Amino acid sequence: MEKKGQVTIFIIVGILIVSSIALFFLFRGNIIPEIGGKSEQNPNIFLESCIEDKIREGIDLISIHGGYIENPLNIYFKFEDENSPQHISYLCYNQEPYALCVNQEPMLIKRLEDEIYDYISGDVRICFDDLTSSLEKQGHIVDASYGSFDVDLAEGKVIIEVDGEIVLTKTGETTKQEDFSVIIPSKLYDLARVVQEIVNKEAIVGEFGPTDMGNYPDFEINEHRTRDSSVIYLVKHKESNEEFRFAVRGAVIPSGFGMGAG
Amino acid sequence: MKKELLFIVMFQIFLLVNITSANSYILHQSDSLIENSKIIEEKSMVEKLMNYGINLLIGFLSIKQIGIVSAEEFWCCEETTEGEICRDIPVGDDSLCKEGANVWTDSCESESAKDCNLGTCVDEDKGTCSARSPKLKCTTEGGTWHDDLLEDVQDCNRGCCILEEGTKKHFRTSKHCTNEGGIFKPEVSQEDCVIYSEEMGACVFNENDCKFTTEQDCEINLNGDFSLRLLCSNFELNTNCGMPSKDNVETTCYNNKVYFLDTCGELANVYDSDKLDEEDQNYWDIVQEPICNVEFEEGKEDTIEGCGDCNGINSICVSSSEAGINPDDGDYVCKSLDCIDKNDDNKERKNTEAWCVYESYVGDSRDVVGSEYRVRYCDKGEIKTKLCENYRGQICAEKSIMNEGELFSMAECRPNEGWKCYQIGLENYEYDENGIIVDEDKTEEKNNETCGSISDCRLHSVDLYSAPTLESTKNLFKFDVCVPKYPPGLEFWDSASNAKDVCNSASITCTTIWKQKIKGGAWFCKGNCGCLSKSFANQMNSLCTSFGDCGGYVNVEGEYTKNFKTFDKDEINWLEEGDALDSSEHVEMGSDANGDISSSATYKKYSEQIGQGYPPEFFGSAEGFFEGSSLEDIEGPEGDFLDISRIGAQTFGASLGLLFDPILLIISLIFIILESLTETKEIVIEFKCQPWQAPPGGKDCKECNEDELRPCTEYKCRSLGSTCRILEEVYESENPVCINTHPDDHSAPVIDFVSIEGEYEAHEINNGIKINGSTENCIQESSNINFTLGTKDENGDDEYARCVYNWAPGVDPPTIENDYALIGEEFNEGNFYSTTHTFEGKLPKFSSDYVSNKDEGALGERKGELAMYVRCMDQPGNFNPTEYVVNFCIREGPDKDHANILEFIPKDESFLKYDVNETDLIIYLDEPAKCKFSYDLDKSYDEMTDFLSCEEYYVPGKSRWMCLTKLADLTKLKNEIYIKCKDQPWISEGDYKGPWDETDRNENAQGFLYTLYATENPLEINKDSISPQGEKIGSGAMKISLEATTSGGAYNGVSICKYEFYMESIERTISGFFSSIGSTHHKQSLILPGGDYDILITCEDKVENNATGNAVFNLKIDSSPPNIIRVYKDGGSLKIITDEDARCYYNTDVKRCDFNLEYGTSMTTAFSTSHTISWDAGVTYYIKCRDTFDVENEGCAKKIITST
């Protein structure tokens, strides 16, 4: 009889101890509640999934148009495997015969960053707002402020740094997170660097030849000369298949050496 | 393998340095000048008679373009409406500029347009550099702008950047490397900027963990024990890593090879499928060279599958999926980067190998119309084609070198330097008083040497000389022309292009002399009869085609069209049956002097002998060391290209600065002409060189699309047929398609009347028009008429056609036998296709045989009928079989207007060359006349001196007549010459039977004033201004600025200068023009290796005043870094002395010698030989220095340990 009672007490005490431990870990203040629900482990991932398609869309558009969404200085050109022509921007240009081209976009990488910025700016704000809404739906009291964002092209990636702050309160616990970032794998930066080298060569000596191409083993570079002696370049990163197109016009030798009344 | 790599690297650097794409982008087709023609002064009556026999090679007057008086002025627009940044715009034309954009009233290179000055833009954040960047654009976007060339900006120097304790190496700019905190090694090439596994080793840490890495990484980051060249799988090291089992092999790509990974995933040796057994443990212990070989020949696939030793040049490591090959182990395999050329019998080509693709015979001025140059190259396993500049503006140059027993081909597009040929001045052939040519061989040799100094030029001789005899002056017709070996292509279909000017430069007039043996008898040719011959036409056409797409020549399909005009018997309408030429070699009277040049067979072969001939030399006449390749200083074409007056019966391409010295000869033959009292006549024979036109129709358009090796271009498409066009017009495309735009057009063009100028009216009649005066029916003879016809298709839409007219009906229409030639005189549009056809010229005289139904009225008042018969041919080749007729009633009447001078050559108020007091003068009149000149104002016409020769022959349709003479005794500073002309010279001739007499001839009583100025001072190069002189020291290939200042001459020193010197090391003469044009300060950047130089500088102004000077200097190359020659303690300081001026840096904490100088502490603020730092006892100083030529110590200059 006594033994049974002891066992019972031990069991009860054991249950109590285990429950206490569980409750302790459950309710201690350092636990950060999950934000965003099941599919978003953290706000960066939520933002990334929200904005990624738009960023990629922007990168593609900018890349096939020579670094701009829209640019008046362009040539209308159709590649054979495409159904329609595209406007391709001149990155180095001179209309005069025999004159080397003038670099039209010396800060090319900054230009690309600005173009992406313009393309996604509305969507970044929307995604941020969606993030806060999502958190609210999960029962948090959300105090969010959105500042702005930056686009940074780096080797192998595009980084979107969002200047914002989210303060979450739930069951008396408050957490704060600020400065979110989205990282999209992309070779745009790497392509841009090669493009700048090609443009430099064209600007300095008026030619980018087969020998020069050997310096870029990771890239496939194709060129096409048009009737008006513009050159369309197509630079492709071999591994990722990402490509960048642009046009150059300079050091043109006109028909008949340009001599005579014309 | 390393040696091969090194060779390829050095070779590629050599190419980069030596291939001068743009060295010859020096364009100065500026004003032209006539050289002195050689006119022998009259001596006797005989000579006077023979004056008529002057051989007027008007088209060939030597016109050297040697500079411009004033540069064309520009404004600078910050941004155009099209979005172009910093563009020079014509003065005042700011409508091209975007609203709100800055406009400067000076060019974009000027001081005032600073914001548009070009320099180097550095993105400080990303470490990138951009050349030729406008300042404002750079700074506005956050960049740092340098007023320097890219290679002069230190931040932009490229080199190897060592990162993360040597575990990463990237080839990038100095700035980028600094941003990343790396160590920058500018001396390391891109190919060597890799981490070789020999530099790495096993780093054992945490007892048994291992990483294959660099010593620095092991020491600093892992705190492990490093064993150089040992692998983590080394048995002795007893690590957790080992050789994988055969069924669990992993590989990776590293330095373009396939490498094993050990069981820890660390790099081992190059993959070799035979090294996976226990007895191969050694292969897993230490770094070693692989013994397997990869071979890509057929049947050797197992070597690819089992070996990862790709060489990095012709093969690289790729994934098996990309290669389409499954290796024996792992997922990576070597893939060949070489190519197989299916278009050349499956010839093997190495990666980066390049070769030329031609479309016709090349060189010898025989490139066919529509042909262009291409480079084909092997690019990482794929053969690609690159079109050189359109219209043969670039040509393809190729050479082969031996590389380990195999030929390796190199090719590049380089500028066609043919335009330089026009700058060459050649010697004239000299004749003695009897007309015998003297020193012929010497002159030819000299001309060959002069012309041949430009590699893209060749000497073309026209030789119709035969010695005069007692009977005849024969031909004194020999001259040399320096022409392009690879003539430029032209937009021959476009009348607004320069095609007409270029081709017209090879037009020529030649005056033949005719005499009657007895008065009233038959006419015989006595002088320059060679101009009537087939040989003349043949030789002239050969010259014509050398200028570009001109003359009778073929396209790529071998289709020939004529495109020139020569002697036509019908022009000599006063010759009767039975009149003959005095030599059987002359063309038959009933034909024109086409000879066998009208046969396509003569030229067809050039379209078939693809690539044969004389391919371009690899280097142009200027060398790759020269910074003419950097065009930053070079200005484009300036000045008025057509400053020179028009010459000859045709527009002379003055801007071409052509061509050869005139051979104006008055043959002062002392021979007895028994018939001295008989009449002589001169007939001016004209060879008119015209732009090439495509054959009618479009049967060959599709040929443009058939050749995958030579994709279609607009130029080639247009050359295949008159109706061939590139399909799309709105946009450019990768593979343009050439189509026949009028495949079903079989209707002749409909000719109609468009307009007429002046007081005339036109009335339509059946298949023609009748033109009357507004006040009366008939038009006075010799009137100038200007009317325009149009051509339309059957729908009434404008249709492009070529039209000709004749004053007699029944001329043969175009046929296959006459190569579809339209026979007749051309309208103003020449041989271009046009929708309008304008006649502007004089109608035939009443006395002409073309005027019919002459009435019997009073002399001087008679009337007759004149008809012009017009035939047109459209682009598909349809022509009107029945000629369209323009009818006139012609009335005899007096000419009441005196002749007017339309043009002077040299121009009025020109300068004479210094110390020269004579010159030739050509004037153009609006009607035939005899002219005289005097240096005195008061002289009457009869008292003045005759012009040596005038075109006195009336030709209907012609609008300009030439007179030529020589002016002497021009000794004043300002020489005034008065010219008077009397028209209608035929009235004074013995056989004139018309109603007018001497009193009806009109003379300009006032006299035309013509002024020539003397050059007061010779052109000089200021000796003190020539630089460099003496000794210069630099490192590597040095950039020097060749400079000289000119003064004097006709234009206060404004001139064009040229440099020339011989480079022994390459056994070539290097020459080029200074980049500054139209100025007195001449500057040219050159990049030269070390050595002694004696550069000849030659300057010439517009009137050929010239001056020479020499820049004599020695370039000494300092390639050694500074050495520390003394170290000592001086009080509380440590002092070091270097053997040359240097900046020295030290570090005490990094504790090694390969630190980046930027991270060291500077010992001096400026370059010096003396360097001081404070003395700290017991410290080890690692010291490195860099001299003024940027040469720095590779390791430490010195490692100094101070005593305690």
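Residues are numbered from 1 along each chain as its sequence is written, and chains are lettered from A and ligands numbered from 1 in the order in which they are written. Because the model is predicted, local features need pLDDT of at least 70 and side-chain atom pairs count only at pLDDT 80 or more, whereas totals for chains, interfaces and linings use all residues.

Confidence is expressed as pLDDT, the predictor's confidence in each residue, from 0 to 100. Chain A has a mean pLDDT of 88, and 92% of its residues reach 70 or more. Over residues 30–41 of chain A, pLDDT stays under 50, and the model has 18 contacts beyond four places in sequence for this stretch; two residues are in contact if their C-beta atoms, placed from the backbone, lie within 7 Å. Where pLDDT is low, the predicted coordinates should not be read in detail.

Chain B contains 12 helices and 70 strands. Helices (H or I, at least four residues) and strands (E, at least two) are DSSP runs, numbered from the N terminus. Of the 1204 residues of chain B, 49% count as buried. A residue is buried if 20 or more other C-beta atoms lie within 10 Å of its own, exposed if 12 or fewer, and partly exposed in between, with C-beta atoms placed from the backbone. Among contacts in chain B with a separation of 6 or more, 68% are between residues 24 or more positions apart.

Two open sheets of chain B are described here. Strands are taken to pair if DSSP finds at least two bridges between them. One sheet has three strands in the order 8-7-9, with antiparallel pairing. Its edge strands are strand 8 (168–173) and strand 9 (183–185) of chain B, each of which pairs on one side only. Neighbouring strands of this sheet are turned by 30° against each other on average, direction ignored; the axes are lines fitted to C-alpha atoms, for helices over the stretch in contact, and angles run from 0 to 180 degrees between N-to-C directions. Strand 7 (residues 158–163) of chain B is joined to strand 8 by six antiparallel bridges, and C161(B) stands opposite H170(B) in strand 8.

Another open sheet of chain B is formed by three strands in the order 11-10-12, again with antiparallel pairing. Strand 11 (209–213) and strand 12 (225–228) of chain B each have a single partner strand, so one side of each is left without a neighbour in the sheet. The twist in this sheet averages 25° from one strand to the next. Strand 10 (residues 201–205) and strand 11 of chain B run antiparallel and are joined by five bridges, with T213(B) in strand 11 as the bridge partner of G201(B).

Further along chain B, strand 50 is mostly covered, seven of its seven residues being buried. T919(B), L921(B), I923(B) and L925(B) point one way from this strand, while D920(B), I922(B) and Y924(B) point the other way. Strand 50 pairs in the antiparallel sense with strand 48 (residues 901–905) of chain B over four bridges, and I905(B) stands opposite I922(B). Seven bridges join strand 50 to strand 54 (residues 961–967) of chain B, also antiparallel, and Y924(B) stands opposite M962(B) in strand 54.

The loop between strand 49 (910–911) and strand 50 (919–925) of chain B holds Y914(B). This residue is buried, with 20 other C-beta atoms within 10 Å. Leaving aside neighbours within four places in sequence, Y914(B) is in contact with T1015(B), P1018(B), G1049(B) and N1105(B). The C-alpha atoms of Y914(B) and V1054(B), 140 residues apart along the chain, are separated by 14 Å.

The contact between the chains takes 56 residues from chain A and 78 residues from chain B. Elements that each supply at least two residues of the chain A side include strand 1 (74–78), helix 3 (108–137) and helix 4 (188–205). Helix 4 of chain A gives the most, with six residues. By class, the chain A side has 28 nonpolar, 19 polar and nine charged residues; Ala, Val, Leu, Ile, Met, Phe, Trp, Tyr, Cys and Pro count as nonpolar, Asp, Glu, Lys and Arg as charged, and the others, Gly among them, as polar. Strand 1 of chain A and strand 36 (residues 732–733) of chain B run parallel and are joined by two bridges, F77(A) having E732(B) as its bridge partner.
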